[in-house]
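Here is a short report on one protein model. Keep the sequence and the 3D view open as you read.

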Amino acid sequence: MARTEIVRRRRVVVTGCGVISPVGHDTATFWASLVDGRSGIGRITRFDPSDLPVTIAGEVRDFDPEAYMPRTVSRRIDRFAQYALAAAVEAVESAKLDITDEMAPRVGVIIGSGYGPGSLIQAAARTLAERGPRRVGAYLAAAGAADSAAGEIAFRFGACGPSGAVSTACASGATAIGDAMRMIEFGHADVVIAGGADDPLTPLDIAAAAIAGALARRNDEPERASRPFDRGRTGFVLAAGAGVVVLEEAEHAQRRGAPILGEILGYGASTDVHHLTAPHPEGKAAQRAMRAALADAGIAPDEIDYINAHATGTRRGDSIECAAIRAVFGAHATRIPISSTKSVTGHMIGAAGAVELIATLQAIRTCVVPPTINCDDPEDPELDHVPHRARQWPVRTAMSNSFGFSGHNAVLVVRRWEP
């Protein structure tokens, strides 16, 4: 029998957030770095990159996993899962969330990732080849899976509701948050710990991205290499990290007196089947995702006060995103501050959408829009890319764009909390 009852969509709010990034190991430091325009890009130190065509990245430096988890946990899991768990610890603590036995079945976890436990798998493959099968780690079967970060977070906090992983390339973090929003809206959970994490900084992954022509090769000036919207851009800079938020049904959050950082109003997703690594020349799928997010939020384009752009610094991607924004927003496009925080952090792949949503929420809470650094000669000078310096700006409602390889697009619309 077909379901005929009308389901009332519930309001979804953000009550906590956590960040591990190249420019800070917590939300406050991350945000201060964005506002100040302090680049997190430098020469790779984790290994000797001399034989690679690209020797720069956005590394998470001086990260101590044991500040967030027991050594028995950190030793068995990949760095991407360490970052995710560390960001989740901050998010849950900032949300003042205590998951009781009664609440636990209504608490979910969704973590997105593009590369997943790549470092761990690559190391295990070397061990197998060099030392034989008996030397492969006992936990590899679990820790080597894409859902390992979600599982570790669920175990850490006792979240017994729906949990798992999503992978939509560079849109993974935004997709995870959008899917979590839907779970709460339609009553499948009351709280979801959601976000994204990635650690693609291995010789193999950097070589692959460089050979594909995706990476900036400004090795001699790493802090100036990530140049979204600038005519001199040559590609993106790979980076690592994680962003995690606590999403809650609004009344649930209010009943427990939780801090409310903002409301997730809308989510739109689409797939661009034009090319595996390049968007449609007119950005048709990106337009659909943005329009879907606005429609889902129930707002008009001229209600958007700020856009945190996907803009990675690739030649085609940035110009196509600008064209798509113009198509969706019309005359209003030139009046919206549109910045790319990847100019500071580099491209954190599966973490990017989640970290950038957190930046967008901070822009709403502080009425400060972060800058696009290194945007010296904008390709579309009529659009406001907030070059070089942050700006005071009244932000009530904002959009965060995430577009990935294989045509995955995810767009989130957020608003200042208004009961």
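Cys-375 counts as buried, because its relative accessibility is 2%. This comes from a predicted model. Cys-322 also counts as buried, at 6% relative accessibility.

How far is the sulfur of Cys-322 from the closest cysteine sulfur? The gap is 8.8 Å, and the partner is Cys-375. That is too far for a bond. A disulfide needs the two sulfur atoms within 2.5 Å. Cys-375 is in no disulfide either; its nearest cysteine sulfur is that of Cys-322. The count of disulfides comes to zero.

## An aromatic cluster

How many aromatic pairs does a search of the whole structure find? It finds two. Phe-63 and Tyr-68 make a stacked pair. Their ring centres are 5.6 Å apart, with 15° between the planes. Phe-63 is buried, with a relative accessible area of 15%. Tyr-68 is buried too, at 18%.

Phe-63 also pairs with Tyr-83. Here the centres are 5.0 Å apart and the planes stand at 80°, so the pair is edge-to-face. Phe-63 sits in the loop between β3 (56-57) and α2 (71-74), while Tyr-83 is in helix α3, so the pair ties together parts that are 20 residues apart in sequence. Both Phe-63 and Tyr-83 are buried. Together, Phe-63, Tyr-68 and Tyr-83 form one aromatic cluster.

Arg-76 lies over the face of Tyr-139, 5.6 Å from the ring centre.

## Helix α4

Helix α4 covers residues 118-131, which makes 14 residues. From first C-alpha to last, α4 reaches 20 Å. That is close to the 20 Å expected at 1.5 Å a residue. After α4 comes Gly-132, which has a positive phi near 95°.

Which residues of α4 are buried? They are Gly-118, Ser-119, Gln-122 and Ala-124. What covers them includes α3 (79-94), α5 and α8 (203-211).

## Leu-140 in helix α5

Helix α5 spans residues 140-143, and Leu-140 is found in it. Is Leu-140 buried, partly exposed or exposed? Its relative accessibility is 25%, so Leu-140 counts as partly exposed.

Leaving aside residues up to four places away in sequence, Leu-140 touches Leu-120 and Ala-124. Ala-124 is one of the buried residues of α4. His-347 is 207 residues from Leu-140 along the chain, and their C-alpha atoms are separated by 27 Å.

Terms used: Residues numbered from 1 in each chain as written. Predicted model: local features only at pLDDT ≥ 70, side-chain atom pairs only at ≥ 80, totals over all residues. Heavy atoms only, no water. Helix = DSSP H or I, 4+ residues; strand = E, 2+ residues; numbered from the N terminus. Buried < 20%, exposed > 50% of the residue type's maximum accessible area, 1.4 Å probe, protein only. Contact = heavy atoms within 4.5 Å. Expected span 1.5 Å × (residues − 1). Phe/Tyr/Trp six-rings, centres within 6.5 Å; stacked < 30°, edge-to-face > 60°. Lys NZ or Arg CZ within 6 Å of the ring centre and 35° of its normal.
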